[in-house]
Amino acid sequence: MPRRDKGGHDKGDKGAWATTLIITMSKPEQIDLDKLEQELLAAIEAAADLRALEQIRVGAVGKKGRISGLMKGLGALPPEQRKTYGQAVNALKAKVMEALEARKEALAQAELDARLAAENADISLPVRPAPLLEGRLHPISQVMDELTEIFADLGFSIAEGPDIEDDFHNFTALNIPPEHPARQEHDTFYFNERQDGSRLVLRTHTSPVQIRTMMSTKPPIRIIAPGRVYRCDSDQTHTPMFHQVEGLVIDQETHLGHLKWVLQEFCKAFFEVDSVKMRFRASHFPFTEPSLEVDIGYAKQGNEIRIGEGDQWLEILGCGMVHPNVLKNVGLDPAQYQGFAFGVGIDRLAMLKYGMPDLRAFFAADLRWLKHYGFSMLDVPTLSGGVGA
Amino acid sequence: MKFTLSWLKEHLETDASLSEIVDTLTQIGLEVEAVTDPAAVLKGFKVAFVERAEKHPNADKLKVALVSDGQTTHQVVCGAPNCRTGMKGVFAPPGAYIPGSDFTLKKAKIRGVESSGMLCSERELEISDEHTGIIELPDDAEVGSEAAKALGLDDPVIEIAITPNRPDCTGVRGIARDLAAAGLGRLKPDPIKPIEGEGACPQKIALEFPENKQDACPVFAGRIIEGVKNGPSPAWLQQRLKAIGLRPINALADITNYICFDRARPLHVYDADKLNGVIRARLGKAGETFLALDGKRYEVDGEMTVIADDSGVLGLAGIIGGEETGVTEQTRRVFIESAYFDPIRTAMAGRKLQITSDARFRFERGIDPQSVNLGLDYATKLITEICGGKPSLVEIAGQVPKTDRTIRFKTAEVGRLTGLSLQPDDITAPLKKLGFKLKGRGKDDGGEFDVSVPSWRPDISGPADLVEEVMRLVGVDKVPATPMTRPSGVARPVLTEAQKRVRRARRILAGRGLIEAVTWSFISRSQAKRFGGGAEALELANPISSEMSSMRPSLLPGLLAAVQRNFDRGLGDHALFEVGQAYRGTKPGDQFVAASGVRLGTARPEGAGRFWSGDNRVVNLFDAKTDAEAVLMGLGIKTGTLQVAREAPGWFHPGRSGALKLGPKNVLAYFGELHPGLLAEIGLSGPVAAFEIFLDNLPVPRRKAGRTRPALQISDLQPVRRDFAFVLDAAVPAGELLRAAWGADKKLIEQVTLFDVFEGGNLGEGQKSLAIEVTLQPREKTLTDEEIDAVAAKLVAAVEKATGAQLRG
């Protein structure tokens with residue numbers, strides 16, 4: 001079995017030059033210790049690197065070093081000399097050892113300093129940005145998440161439905177019979193006639209989700225339904241595909257006053273202002289009765305639209321109480337159940353909040369636009385952290 | 001719908017200011033789209049007198065005029081043929097902005113003659129298209145006064161949007177009635193009185209409809225006025241029509257147009273001498289055509305109501321009259337038609353022939369059926385006043401349809417649906433002003449009424465409609481904003497697992513440096529076919545363009561088109577993704593959600609393009625596989641256990657792509673490099689790595705009852721790592737070797753990492769070397785060398801058996 005190399009230390013060589021420096025021993029008492037001390041300390045001080053210092057150490061206190069020699073010679077001395085001379089040699093040894101150590105440390109430090117000085121990177125070289133800073137979420141996705149967060153707080157859950165709808169869900173159930181003039185206004189995309197003569201459509205609004213929800217769920221119902229919708233219309237301000245969010249509440253007591261409150265709460269939370277000027281106007285939609293349109297007040301400063309200031313009005317949504325015929329069409333008794341519905345353009349909301357001037361750019365996938373108006377993945381809308389980025 | 005303030009005040013007695021009127025209109029559902037004050041535009045334009053006009057010395061067609069504005073005399077060079085001494089016109093001084101020509105007037109020399117100011121034509125003032133000469137004002141116009149007043153243009157014009165439910169407000173009187181009901185004054189009494197006429201109407205009328213289609217035209221009335229003198233209508237009438245953008249034609253035609261806007265009552269006038277025999281309302285017959293007043297010839301069909309005489313079709317009922325029987329200045333005998341045509345049939349005919357007209361606009365919304373006689377009387381009054389003549393008795397065919405409807409209405413409904421708390425009178429008073437008749441049910445009615453609906457309100461059919469009337473007239477702003485109670489109990493997550501997955505997938509991909517795009521749900525059919533779609537059933541019948549005709553089978557075509565557009569803009573290598581729906585069929589269940597992405601060129605998570613550190617290799621299938629696995633892992637899938645199959649569809653490179661599958665049939669994702677042929681077709685110089693993740697195919701995790709995590713089990717025993725290198729047939733997938741290694745001892749083997757793949761060298765043709773690091777985690781006691789060797793031997797045997805690999809010596 002091939003074994004993984006565990007590695008190990010390189011022990012290095014061991015005083016390869018030591019022999020050449022051994023000084024021939026004289027009689028110990030003949031040695032002038034002071035002179036020796038000066039000589040050694042000067043040599044230590046002069047050692048240029050760790051290798052030179054090691055040579056000096058070996059020559060002084062190595063096995064065959066000069067001080068070691070003196071120590072060995074002590075035995076031959078007369079006892080009365082041996083003591084004092086011995087002490088002097090020991091003192092010398094300690095002094096030299098200390099100097100060696102100090103010099104060693106100094107040289108090591110100098111060597112490290114020199115290495116660090118040589119390892120001098122160009123810290124101005126650029127690095128790659130983190131991918132999570134490069135990536136973007138489309139404003140539509142971001143605003144949908146914001147809406148979800150706001151309406152979740154108001155007790156709404158999210159419902160969804162298909163883009164390809166039948167006539168019943170998109171029109172008839174919503175109190176828009178085949179000859180109703182509203183059908184014309186919807187600029188519907190049709191699919192080719194099927195064998196039974198009926199034609200599927202691309203949903204012209206998110207309202208079919210109301211029908212699907214009411215037919216599959218028992219009241220109380222509180223949903224929003226965001227999604228793609230389609231109109232056969234394409235010009236400066238219209239795109240054949242755009243996004244809406246539908247809201248629906250059905251129970252036994254919810255009235256227009258509640259609708260007004262919900263929309264006020266929503267606008268305040270979405271535009272992150274303490275008060276939004278809102279104007280509710282009577283209007284008409286086939287699927288609500290009474291019906292309202294809602295404008296919000298704004299001021300325009302240069303490119304910027306400021307919600308909650310100024311005295312200009314901008315229509316943002318249509319709403320009303322669910323029409324009794326719609327309730328009947330989904331099998332609910334209008335005498336017992338009631339509630340409201342509203343529909344807002346998501347793209348429109350995004351444009352108002354974040355200041356994109358042109359709806360068409362939302363779907364052009366121009367990298368420059370996406371990078372400029374897109375959102376970081378870290379901008380998760382939360383109630384605690386805020387629903388705007 | 002346009003009208004002027006003075007016109008409104010003919011029906012509404014009010015002290016309200018223009019701005020109050022405008023605000024109230026908007027509040028009650030008659031949304032004001034524009035208020036224009038023509039006087040404001042023409043401020044500074046003065047009535048002027050031409051003291052002298054002589055031929056320009058240097059030009060044959062120009063004149064030099066001396067023009068007095070009452071204070072000064074200006075010399076003006078004028079090119080109008082009607083410029084002459086002694087006339088009165090509209091003078092624009094230097095510095096005035098000429099709206100119809102879009103320029104600001106300056107002093108100038110024209111052919112050597114100084115000209116300061118100009119005399120204006122109607123087109124220059126945007127009054128009409130008239131530009132054959134300058135405006136001639138009547139002699140009594142006061143020189144030096146504001147021209148706007150002399151032109152009758154000092155009357156603000158209000159334009160409102162009419163919702164389809166309000167045919168009554170397509171006439172000024174209906175608007176006045178609404179304003180009165182909203183408390184803005186009093187509706188003046190109707191001055192129109194029945195005019196009986198003399199002598200039987202010589203023009204006979206017949207309704208000829210099959211039994212089951214009589215509702216196409218239940219009533220058709222008319223009369224002849226003999227001895228009329230048709231010509232230009234009087235100034236007041238012309239001004240009213242011009243103010244709302246209608247071109248005056250002649251008195252007879254102008255009168256019908258006026259009544260149409262005043263009373264929402266379309267009428268038609270015929271030159272009776274041009275009619276042949278009985279005039280009939282009937283259904284059209286295939287092949288019949290007629291020449292309409294707009295100069296075009298239309299072909300009718302059996303579903304359209306036409307007006308015909310013995311010579312054939314004259315006009316399209318309720319939409320447009322015929323050229324041949326229309327009134328002219330020579331008309332001496334006029335026949336007035338006042339009828340009721342079915343809204344739906346009118347709408348369908350108009351839509352089919354694509355004719356828009358003021359009459360159609362009203363008939364298709366449903367005019368007041370009871371206005372048949374009123375229309376005749378009003379027209380008779382105006383015609384005899386303006387054109388003279390003697391009216392006959394009224395000839396009538398059919399019967400005015402019954403319009404009396406009664407709704408049982410509890411006033412408590414208002415509070416139930418709107419939250420308004422109102423006194424009974426606050427509810428009944430506005431309804432009465434709108435023309436509803438309320439009858440209490442019994443002595444103590446308890447707020448319950450039988451409400452009869454006026455004939456001009458076909459939109460009112462139930463109590464909710466009455467609630468809307470009360471709400472809009474009392475004021476929507478009075479509805480109290482009422483907090484909704486929160487559902488009781490703990491806040492639950494409102495997103496389903498599927499919804500959460502979509503949101504997470506987006507943020508995972510954005511976190512990997514991809515940029516989210518939103519592309520159209522429809523693509524060209526050829527692209528759809530290229531990506532496995534393009535079925536007939538998913539083709540739009542009326543697409544915006546052939547590039548947007550097929551519901552997309554995949555998100556990749558849209559993303560690739562986007563990448564290509566960006567590349568053509570010189571924006572370099574980049575990575576896009578989209579999370580959205582695609583379509584396998586037309587049923588709701590055929591729609592699926594995909595998270596797909598493309599990386600072009602060097603667009604890798606480390607960053608695209610050239611860089612000093614040298615990290616700029618081009619993308620390959622493994623980048624796409626990493627993206628796909630990152631998303632799947634982020635969504636809770638253990639990607640190590642997925643099958644990797646060579647099953648990616650044809651738009652991928654056949655050798656450099658694959659599918660991540662959970663079980664034999666469930667594809668979670670495709671990944672790979674795109675087919676070079678496809679890239680060549682769409683003009684992208686690759687390479688492009690792409691992935692498609694099918695979010696709906698991911699298993700829905702079972703929700704655990706509690707949130708408690710299983711207890712953490714950690715071993716104090718050191719893990720042991722051993723390396724193995726195998727030589728095997730190059731065609732054997734590495735995955736098989738890894739799976740065999742993993743499976744050798746499920747208890748002890750904690751991790752298997754492939755750290756080297758090598759081909760060539762001295763391995764021999766068709767061979768490769770794979771090196772793995774295996775981590776063993778002892779659980780109870782430190783492993784002995786013998787135990788480790790035993791596991792190693794088991795692993796080698798398992799790998800050999802599964803892949804034929806040999807341990808490298």
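Predicted model: local features only at pLDDT ≥ 70, side-chain atom pairs only at ≥ 80, totals over all residues.
Let me start with a cut-off: a residue counts as buried when its relative accessible area is under 20%, and as exposed when that figure is over 50%.

Buried or exposed? Its relative accessibility is 1%, so Cys217(B) is buried. Where does Cys217(B) sit along chain B? In a loop. On one side of that loop is β15, residues 205–208, and on the other is β16, residues 219–226.

What does Cys217(B) touch, once we skip residues up to four places away in sequence? Leu207(B) and Phe209(B) are on the list. Then come Ala281(B) and Ala339(B). Tyr340(B) and Phe341(B) complete the set. There is also Gln399(B). Its C-alpha atom is 9.4 Å from that of Cys217(B), although 182 residues separate the two along the chain.

Now zoom out to chain B as a whole. The count is 20 helices and 41 strands. The radius of gyration is 41 Å, while the globule rule gives 28 Å for 809 residues. That is well over the rule, so chain B is more spread out than a compact globule. Along the principal axes, the C-alpha trace spans about 125 × 90 × 55 Å.

How much of chain B is buried? Of its 809 residues, 52%. On contacts, take pairs in chain B at least 6 apart in sequence. Of those, 69% join residues at least 24 apart.

Surface and charge next. Chain B exposes about 37,200 Å², and 51% of that comes from carbon and sulfur atoms. The chain carries 104 positive and 106 negative side chains. The centres of those two sets are 4 Å apart.

Over to chain A. It is divided in two: domain 1 covers 14–118, and domain 2 covers 138–373. How far apart are their C-alpha centres? The distance is 93 Å.

One helix in chain A to look at: α12, residues 346–354. This helix is mostly covered, with eight of its nine residues buried.

Note on methods: Residues numbered from 1 in each chain as written. Chains lettered and ligands numbered in written order. Heavy atoms only, no water. Helix = DSSP H or I, 4+ residues; strand = E, 2+ residues; numbered from the N terminus. Rg over C-alpha atoms; globule rule 2.2 N^0.38 Å. Buried < 20%, exposed > 50% of the residue type's maximum accessible area, 1.4 Å probe, protein only. Contact = heavy atoms within 4.5 Å. Areas by Shrake-Rupley, 256 points an atom, 1.4 Å probe, with all protein chains shown as cover. Lys, Arg positive; Asp, Glu negative; His and termini not counted. Charge placed at Lys NZ, Arg CZ, Asp CG, Glu CD. Domains from an automatic or database assignment.
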